[in-house]
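Q: I have a structure open and would like to go through it residue by residue. Can you take my questions as they come?

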Amino acid sequence: MSNPFDATLIRIGARLLTGGTADVSPEELTDAWRSVWTGPPEQLDRITDAHLAADHAGTDLRTLSPLAHGLPGLVHALEHADADLLCEAVRACTKASSTLLKLLLEHTDAGTLTELMDDVMWDHWARTGVVAPTGRLGEAAITLSTVEYLLVPGWAQDLHHYQDRMDRLLAAPTAPGARASTAP
């Protein structure tokens, strides 16, 4: 994404936080993302197609979103989360974010990237800004991942599966010259 602080995206985000997904149409959200998206357009088309297919099957994917009920829903979910599960979620999301960053910085070979991208969590988590830089933006990324871990059905299991995959990739030797830190 070229600018996460784009005015259009911020306006849509503010509406999501205050009123949840009921206040923002899928088309508005897609248009806002398209205005700042720097990746291949077919990635956004795939997301749109997934929502349309789910709608035809009678499922509104927006109701599964952590923002389905806006910020009040997020706060309520976190306040009522089991303390042990909340700690588990924060640890898992922090570790996964750190592992992904390490892989992206140190294992830049095509095989590793292909392996990372060939998982549902690439589209549902990795591409959405989960690599947590230091500071408030990193804290926000971990918080959003934690909420997804707690609220989105199957998300925690998918993250654990992805963590196992990332751990295997970290343990695998890389081809000479593939490590970014050893490049001339």
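Q: Is Arg 165 buried or exposed?
A: Arg 165 counts as buried, because its relative accessibility is 14%. Buried means under 20% relative accessible area, exposed means over 50%, and partly exposed is in between, using a 1.4 Å probe and protein chains only.

Q: What kind of model is this, and how are residues numbered?
A: This is a predicted model, in which local features need pLDDT of at least 70, side-chain atom pairs count only at pLDDT 80 or more, and totals for chains, interfaces and linings use all residues. Residues are numbered from 1 along each chain as its sequence is written, and side-chain values use heavy atoms, with hydrogens and water left out.

Q: Where is Arg 165 found?
A: Arg 165 is in helix 9. Helices are DSSP runs of H or I with at least four residues, strands are runs of E with at least two, and both are numbered from the N terminus.

Q: Which residues is Arg 165 in contact with, leaving aside neighbours within four places in sequence?
A: Those are Glu 115, Asp 118 and Asp 119. Contact means heavy atoms within 4.5 Å.

Q: What joins Arg 165 and Glu 115?
A: Their side chains meet in a salt bridge, at 3.1 Å from N to O. A salt bridge is a side-chain nitrogen of Lys or Arg within 4 Å of a carboxyl oxygen of Asp or Glu. Arg 165 lies in helix 9 and Glu 115 in helix 6, so the pair ties together parts that are 50 residues apart in sequence. Salt bridges with shared partners also join Glu 115, Asp 119 and Arg 165 into one network.

Q: What does the side chain of Arg 165 reach on the backbone of Glu 115?
A: The backbone oxygen of Glu 115, at 3.1 Å.

Q: How many salt bridges does the structure hold?
A: Seven. One of them pairs Arg 15 with Glu 28, with the closest N and O atoms 3.0 Å apart. Arg 15 lies in helix 1 (residues 7-19) and Glu 28 in helix 2 (residues 26-36), so this pair ties together parts 13 residues apart in sequence.

Q: And which residue does Lys 102 meet in a salt bridge?
A: Glu 106, at 3.4 Å from N to O. Glu 106 and Lys 102 are four residues apart in helix 5, so about one helical turn separates them. Glu 106 is partly exposed at 23% relative accessibility, and Lys 102 is partly exposed at 39%.

Q: New topic. Which residues touch the most other members of the largest nonpolar core?
A: Leu 116, Trp 125, Tyr 149, Trp 155, Leu 159, Tyr 162 and Met 166, out of 20 residues in that core. Helix 5 (83-106), helix 7 (120-124), helix 8 (136-151) and helix 9 (155-171) each give two or more residues to this core. A nonpolar core is a set of buried Ala, Val, Leu, Ile, Met, Phe, Trp, Tyr and Cys residues joined through side-chain atoms within 4.5 Å.

Q: What is in the second core?
A: That separate core has nine residues, including Leu 16, Val 24, Val 36 and Leu 67.

Q: Last one: where is Thr 112 found?
A: Thr 112 is in helix 6 (residues 110-117). At 5% relative accessibility, Thr 112 counts as buried. Leaving aside neighbours within four places in sequence, Thr 112 is in contact with Leu 103, His 107 and Leu 169.

Conventions: Polar contact = N/O pair within 3.5 Å; in protein donor to acceptor, adjacent residues only side chain to side chain.
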